[in-house]
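My entries follow in the order I made them.

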Amino acid sequence: MNAAPVIIQDALRELSALVYAVCDGNGVLLDANRGFLMLGERDAMPAGEWDVSGLFVNPPFSRLAATLSEDGVAYRGILNIGPLSAVYSVHGMVYREGERLFLVAEHDVRELSRLNRSVIELNEEMAQIERDLVRKNQLLALAQSQLVQTEKMASIGQLAAGVAHEINNPIGFVYSNLTSLEGYLRDLFSALDACARGEEATRLEALWQELDLDFLRQDIPLLLGESRTGIARVKDIVQNLRDFAHIDGDSNWQWETLPRCLDSTLEVLRGAISGKIEIVREYGETPEIECQPSQLNQAFMNILLNAAQSIEGKGVIRVRTGQEGEQVRVEISDSGSGIAPDILPRIFEPFFTTRPVGTGTGLGLSAAFNIIAQHQGRIEAESTPGKGTLVRIRLPIRRQAHD
């Protein structure tokens, strides 16, 4: 191709629909029109040298410069030109005249600028949508946390009635014994006052018979013994609650045995589980495991409550433990109504419940699932409608450290 006349070059420089540039063999820009400058995010020709070789992405400038040994067209086709932040595709050609490279390409720079602005606006909209999604996810997580707390409060409500009943029995007979003991003490003080006044022996003997002091001597130790037993029962209930909630410990991981966790949970649930339900404990030998006891207690409580609610009338809940290599196993089975096969795969889903509206959030088993997963364990269920359900939990003895 012959060199373009100067008049043609001037015309090319003024056409805004074209991209026009001239550079030397080293990539230094010698001349350019507004279309090329806009591709390089410039408003005007720079005062000094501007190396534009980096603007040629495909084909690279090195490939274009290698053709300087031959006159004519060095390249014809699609060129990708632009700064690092945006690459534009234009259709044109590069040709040589002496030691210079000429670029002429068809492109509507105004349309390109409009599209570029649209892309920037779209990116801003996407960023805003992403921020909105993050905020909505945070609100959803907060709502789920509140629902889980509601589920816990509902469980606490059931426990409170049972615990109140458990505490009321020993407190009741301790109160009755104290009332009786108060009367016994009045009689004893009357006898002591008579002795202090120096009453005659016959009068003292009659008073002894009247107050039946021989009976008081036998009954008072019995009353005190029963009262100590009642107070000890209340102390055990409070201790079981403390163990269940792990009040004296912290939330860090520690070593604990499964039977201890299960026993504290079952003791807390004694009043909540109907007296017609028999609890059978079949504990195999298991080592201590690294866990958060209060969290495991919460998971066991949710599973045991579900088992109890599935039993109408008399029934049995069996709790078994065992060891399988580097894991321990807990199995909780019931003789309840069972779960239909089409429902069984969904019982650990959040908010899924078969109970009437308003009587459950469907987060009990979901919370248990999450707690077991947090302990790097697995939980699964087997059920036969009309015969009962088995929930099996496997937990590692020592949890694996995560990066």
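These are my notes, feature by feature.

**Ground rules.** I am working on a predicted model, where local features need pLDDT of at least 70, side-chain atom pairs count only at pLDDT 80 or more, and totals for chains, interfaces and linings use all residues. Residues are numbered from 1 along each chain as its sequence is written, and side-chain values use heavy atoms, with hydrogens and water left out.

**Overview.** I count nine helices and 13 strands in the chain. Helices (H or I, at least four residues) and strands (E, at least two) are DSSP runs, numbered from the N terminus. Of the 403 residues, 40% count as buried. Buried means under 20% relative accessible area, exposed over 50%, and partly exposed in between, with a 1.4 Å probe and protein chains only. I also looked up contacts (heavy atoms within 4.5 Å). Among those with a separation of 6 or more, residues 24 or more positions apart account for 62%.

**Six-stranded sheet.** I traced an open, antiparallel sheet of six strands in the order β2-β1-β6-β5-β4-β3. Its edges are β2 (29-32) and β3 (56-58); each has a single partner strand, so one side of each lacks a neighbour in the sheet. The twist averages 35° from one strand to the next. Angles run from 0 to 180 degrees between N-to-C directions, and axes are lines fitted to C-alpha atoms, for helices over the stretch in contact. I took two strands as paired if DSSP finds at least two bridges between them.

**Strand β1.** I checked burial along β1 (residues 18-24). Seven of its seven residues are buried, so the strand is largely enclosed by the rest of the structure. Leu18, Tyr20, Val22 and Asp24 point one way, and Val19, Ala21 and Cys23 the other. β1 pairs antiparallel with β6 (residues 100-106) over seven bridges. There, Asp24 stands opposite Arg100. Three bridges join β1 to β2, also antiparallel, and Val22 stands opposite Asp31. β1 and β2 form a hairpin with four residues between them. Gly27, in the turn, has a positive phi of about 90°.

**Strands β4 and β5.** Nine bridges join β4 (residues 72-81) to β5 (residues 88-97) in the antiparallel sense. I found Ile78 opposite His91.

**Five-stranded sheet.** The other sheet I looked up is open and mixed, with five strands in the order β8-β10-β11-β13-β12. β8 (277-283) and β12 (378-384) stand at the edges with a single partner strand each, so one side of each is left without a neighbour in the sheet. Here the twist averages 15° from one strand to the next. Seven bridges join β12 to β13 (residues 388-396), and the two run antiparallel. Thr384 stands opposite Gly388.

**Helices.** I found α8 (residues 293-309) and α9 (residues 364-374) packed at an angle of about 145°, with their axes 9 Å apart. Residues in the contact include Leu296, Ala299 and Ile303 of α8 and Leu365, Ala368 and Ile372 of α9. In α7 (residues 258-268), nine of the eleven residues are buried, so this helix is largely enclosed by the rest of the structure. Among them are Leu258, Cys261, Leu262, Glu267 and Val268.

**Rings.** I count five aromatic pairs. Rings of Phe, Tyr and Trp (its six-membered ring) pair if their centres lie within 6.5 Å; planes under 30 degrees apart count as stacked, over 60 as edge-to-face and the rest as tilted. Phe56 and Phe61 are tilted, at 5.9 Å centre to centre and 50° between the planes. Both residues are buried. Tyr95 and Phe102 are stacked, at 5.1 Å and 5°, and both are buried.

**Backbone.** Most residues other than glycine have a negative phi, and most peptide bonds are trans. I noted these exceptions. A cis peptide bond joins Asn58 and Pro59, with omega about 0°. Pro59 lies in the loop between β3 and α3 (61-65). Asp212 has a positive phi near 55°. It lies in the loop between α5 (201-211) and α6 (213-245) and is partly exposed at 42% relative accessibility. Gln376 has a positive phi of about 60°. Its place is the loop between α9 and β12, and at 26% relative accessibility Gln376 is partly exposed.
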